[in-house]
Amino acid sequence: MLPFARVRIWWMAVRPKTLTLAATPVVVGTVLGWHDTGTFHAAAFWVALICALLIQTGTNLFNDAADAQSGNDGPDRLGPTRVTASGLATPRAVKRAAMLTFALAFVGGLYLVTIGGWPILAVGIASLVAGWLYSGGPRPLSHTAWGEVAVVLFFGVAAVAGSDYLQRGALSWVAVGVGLALGLHAAAVLLLNNLRDHDSDRRAGRRTLVQLIGTRRAYWTYALLLLAPFPLLALGLSVEAVGLGWLVLPICLWLAWRGSQLQPSPMMNTQLALTAFAQVLLGGLLSVSLLRDVV
């Protein structure tokens, strides 16, 4: 196989479009700590960002291999091509790559522990374990209704509060609230993914939140996950701090309406990308609003 083709396969396996869900909360948490303290620890930011991307990558790779082995990614899959299920890579190779990314994240985490101490150690280990448990173990989180909860906790609260802690040196409840807001948007992405895969998940015996509450309630829950971050941010931050973030509210209202018009189909892939982009946009505009006070 040509080197370019091999790189393309592994790039598909990494699922680069999902990496923003890991990067955005780290950026926002770092900026929040910088805003409140007036100091910026650049090395802590870059290492935390790389570790978050590595953990997300490892989680994606484990999920790719596990779903293929469980038969969940069949020929009727509505989502993008998965490299293991399509035979482009073996489960062993994909899992080995996942373990490598987790190992690299662990090494980077050791440096972060020298800055943040045992709280960062606890968050790092919990994040690695959650990344494996999402698809691994006797009862993977991705097969249960707890997947969205895990996303809120690790792609929101832990990532924002942990990144803020590395800059601030203390826990900030404002950072926890901001993390919850961004985590709800990340959970909206997962919920929509499970809405798209509703039929295949049911046949595979997966009891996701969508399976538990039904598709009609799932659409309402998706809208709630998109819109709830705005009152949360208003409660935790000043009007000036939320600032440009309010511009994302009309987009989320439109996404909530648009999502309600879609049936499980490949058309939901565009909605997934737009939902992930809404989180990036919210995080980016929040960061710009906060940075106006410190730059």
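## Salt bridges

A salt bridge is counted here when a side-chain nitrogen of Lys or Arg lies within 4 Å of a carboxyl oxygen of Asp or Glu. This is a predicted model, and by that criterion the structure holds four salt bridges. One of them joins D164 to R168, whose closest N and O atoms are 2.8 Å apart. Because D164 and R168 stand four residues apart in helix α6, which covers residues 147-168, about one helical turn separates them. The two partners can also be described by their accessibility: D164 is buried, with a relative accessible area of 0%, while R168, at 24% relative accessibility, counts as partly exposed.

A further salt bridge links R196 with D197, and here the closest N and O atoms are 2.9 Å apart. R196 is buried, with a relative accessible area of 2%, and D197 is likewise buried, with a relative accessible area of 7%. The side chains of R202 and D199 also meet in a salt bridge, with a distance of 3.1 Å from N to O. R202 and D199 are three residues apart in helix α8, formed by residues 198-204, so about one helical turn lies between them. R202 counts as partly exposed at 46% relative accessibility, and D199 counts as partly exposed at 37%. Salt bridges that share partners also join D36, D164 and R168 into one network.

## Packing of α7 against α10

Helix α7, residues 173-196, packs against helix α10, residues 215-227, at an angle of about 155°, and their axes are 8 Å apart. Because angles over 145 degrees count as roughly antiparallel, α7 is roughly antiparallel to α10. The crossing in which α7 passes α10 is left-handed.

On the α7 side, the contact is made by L184, H185, A187, A188, L191, L192 and L195, and on the α10 side by T215, A218, Y219, T221, Y222, L225 and L226. Sorted by class, the residues of this contact between α7 and α10 comprise eleven nonpolar, three polar and no charged.

## Packing of α4 against α5

Helix α4, residues 91-116, and helix α5, residues 118-133, pack at an angle of about 160°, with their axes 8 Å apart. That angle makes α4 roughly antiparallel to α5, and the crossing of α4 and α5 is right-handed.

From α4, the residues that make the contact are F102, A105, F106, L112, V113 and G116, and from α5 they are W118, P119, I120, L121, L128, G131 and W132. The contact of α4 with α5 contains eleven nonpolar, two polar and no charged residues.

I55 lies in helix α3, which runs over residues 42-70. Is I55 buried or exposed? At 16% relative accessibility, I55 counts as buried, because the cut-off for that class is under 20% relative accessible area. When residues up to four places away in sequence are left out, I55 touches F102, A105, S127 and L128. Of these, F102 and A105 of α4 and L128 of α5 also take part in the contact between α4 and α5. I55 and P140, which are 85 residues apart in sequence, are separated by 16 Å in space, from C-alpha to C-alpha.

How values were computed
Residues are numbered from 1 along each chain as its sequence is written. This is a predicted model: local features need pLDDT of at least 70, side-chain atom pairs count only at pLDDT 80 or more; totals for chains, interfaces and linings use all residues. Side-chain values use heavy atoms; hydrogens and water are left out. Axes are lines fitted to C-alpha atoms, for helices over the stretch in contact, and angles run from 0 to 180 degrees between N-to-C directions. Helices (H or I, at least four residues) and strands (E, at least two) are DSSP runs, numbered from the N terminus. Angles under 35 degrees count as roughly parallel, over 145 as roughly antiparallel, 65 to 115 as roughly perpendicular and the rest as oblique. A crossing is left-handed if the near helix is turned anticlockwise from the far one by less than a right angle, and right-handed if clockwise. Contact means heavy atoms within 4.5 Å. Ala, Val, Leu, Ile, Met, Phe, Trp, Tyr, Cys and Pro count as nonpolar, Asp, Glu, Lys and Arg as charged, and the others, Gly among them, as polar. Buried means under 20% relative accessible area, exposed over 50%, partly exposed in between (1.4 Å probe, protein chains only).
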